[in-house]
Amino acid sequence: MERYFLGNITAYGFKSSYESELSNKRRVILLKGGPGTGKSSILKKIAAEAKNKGMDRELWYCSGDPDSLDGVYIKQLDAAIVDATAQHASGADLPMIKDFLFDLASSLSHEKLSKFKDEIEELFKNKKWHFMRAYQHLKVALCHFSNQIQLEMQGLKVEKIRAYAAVFASDLREKCKSEGERRKLFTHAICPKGENIYYDHLRNKNIYRVDGSAAAKKVFFEEIERLTEGGTIILNPLEPNITDGITVGDYAIVGDVGHFKNDVCENINLKVYESALNTSAIEEEKNGVIMQTAFAEEQLEGARECHLNAEKYFVSAMNFDNNDRIYNEIRRLIFE
């Protein structure tokens, strides 16, 4: 079992990998409906059933609320079920041919919900405002991060890092075959109340930990990515154009190993290629990233609170017996 964020809150807005992930799946089930209509509950029940059946799966979480599931992918069945509301999966390449759409709003009493129209609209307006402010802070954080990398680059032996990465990539290609299409996913997200990181992609892997500055890692991973095929690229949550790691076959090459630190088989030391010229300025930029990211997280928590308050109105207007019928139909489509 692995956990990912297929959609993520970044300095460029909401970055989604849903379309690329869903386009080649054998079966895709899309769930639509407002907050509190039971999408995440259905996803969790499907994930639990897959677990009980001993099926390997991926859980795709929501960066705006990491307690909420956005999708489940069951590997043996090549089937995915996802939240298809705004900012998530908007549809698929061949709707109604290989895909199925379920609208949980069909379980809503619009008569009951309409009584709270003004309150819901106000909550959604405030939620949008909080997201706007969060993205503004993340853009400033990205400016600090870009400045940090530029300062670190000044003392970096770029060509030597590229040469080292080329030798490493050549050895990696010898050890493992291409895994088909390359995936680009997030294991790290900027969320309300702090950052969330998953390390499941490192389980049962030969782990190489890359030590060095952000600039050194950027150069190293760019070369590894360019010279290898297949596998999974781990994207940076603030700047998704930067790679934080890559897994290919039985190998994982990452900068952050989390609780797998005792499983590292080799350290890749890039610090020998560094010579920082202005360490105080670099630290100042790093602190700027931390501060602005923290401000963004506060705004995301405000957006989450608006969402949870809106959910209460939707829940009070729901007929969950109808959701049970929808769940049983989804279950049949996936498992039978």
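Mentor: Start with strands β12 and β15. In this predicted model, β12 (residues 206–211) and β15 (residues 251–254) run parallel, joined by four bridges. Look across from I207: opposite stands A252, in β15.

Now step back to the whole sheet. Six strands make up this open sheet. Read across, their order is β9-β13-β14-β15-β12-β16. The pairing is mixed. At the edges sit β9 (183–185) and β16 (264–269), and each of these pairs on one side only. On average, neighbouring strands are turned by 20° against each other, direction ignored.

Next, the helices. Helix α5 (residues 158–175) lies across β12, β14 (243–248), β15 and β16. Against β15, α5 runs at about 160°. Helix α6 packs on the sheet too. α6 touches β9, β12, β13 (232–235), β14, β15 and β16. The direction of α6 makes about 35° with that of β14.

Check the length of α6 yourself. This helix has 14 residues, 214–227. At 1.5 Å a residue, α6 should span 20 Å. Its end C-alpha atoms are 20 Å apart, so the two values agree. Which residues of α6 are buried? They are A215, A216, V219, F220, F221, E223, I224 and E225.

Keep F220 in mind. In soluble globular proteins, nonpolar side chains tend to be buried together. Here the largest nonpolar core has 71 residues. Those with the most contacts inside this core are I81, F220, I253 and I330. Helix α4 (residues 117–153) gives the most to this core, with eight residues. Another core lies apart from it, with 12 residues, among them Y4, W60, Y73 and A84.

Zoom in on I253. Leave out residues up to four places away in sequence. I253 then touches F168, L172, Y208, V210, F220, F221, G245, I246 and I268. F220 and F221 are buried residues of α6.

Finally, the cysteines. The structure holds zero disulfides. C191 is in no disulfide, and the nearest cysteine sulfur, that of C62, is 8.1 Å away. Is C191 buried or exposed? C191 counts as buried because its relative accessibility is 0%. C143 has 47% relative accessibility, so C143 counts as partly exposed.

Technical notes: Residues numbered from 1 in each chain as written. Predicted model: local features only at pLDDT ≥ 70, side-chain atom pairs only at ≥ 80, totals over all residues. Heavy atoms only, no water. Helix = DSSP H or I, 4+ residues; strand = E, 2+ residues; numbered from the N terminus. Expected span 1.5 Å × (residues − 1). Buried < 20%, exposed > 50% of the residue type's maximum accessible area, 1.4 Å probe, protein only. Disulfide = S-S within 2.5 Å. Core = buried A, V, L, I, M, F, W, Y, C linked by side-chain atoms within 4.5 Å. Contact = heavy atoms within 4.5 Å. Pairing = 2+ DSSP bridges. Axes fitted to C-alpha atoms, helices over the stretch in contact; angles between N-to-C directions.
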